[in-house]
Amino acid sequence: MAWSCQVIGASYMDLGKYEVAKRYFERGVQTGKEEGHLLLEGAGLYNLGILELRVGRAQHAIGLLDSALSIARDTGWLEEGAILAKLG
């Protein structure tokens, strides 16, 4: 379910429907937390961070991407450089 939320959210984000995308990403993060699955939680936080960058909320994006980076370091989920590049 959580992966589906990420895919659907990414599709909506690509269409510019940011509020809908945000709901899907948040649901994915929540599902990841409930299931104790850090990878799913991290993916959702990363996607939320990218969304926040796209809509011009850089400060909020930094917090989300920083959380995703922490999870990436703990799990090896995503190369650290990919997240650091988004942080600038």
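Student: Is Tyr12 buried, partly exposed or exposed?

Tutor: Buried means under 20% relative accessible area, exposed over 50%, and partly exposed in between (1.4 Å probe, protein chains only). Tyr12 has 29% relative accessibility, so Tyr12 counts as partly exposed. This is a predicted model, where local features need pLDDT of at least 70 and side-chain atom pairs count only at pLDDT 80 or more, while totals for chains, interfaces and linings use all residues. Residues are numbered from 1 along each chain as its sequence is written, and side-chain values use heavy atoms, with hydrogens and water left out.

Student: How many aromatic pairs does the structure hold?

Tutor: Rings of Phe, Tyr and Trp (its six-membered ring) pair if their centres lie within 6.5 Å; planes under 30 degrees apart count as stacked, over 60 as edge-to-face and the rest as tilted. The structure holds one such pair. Tyr12 and Tyr24 are stacked, at 5.8 Å centre to centre with 15° between the planes.

Student: Which parts does the pair tie together?

Tutor: Helices (H or I, at least four residues) and strands (E, at least two) are DSSP runs, numbered from the N terminus. Tyr12 lies in helix H1 (residues 2–14) and Tyr24 in helix H2 (residues 18–35), so the pair joins parts 12 residues apart in sequence. Tyr24 is partly exposed, at 23% relative accessible area.

Student: How many helices and strands are in the protein chain?

Tutor: The protein chain has five helices and zero strands, in the pattern α-α-α-α-α along the sequence. Buried residues account for 38% of its 88 residues.
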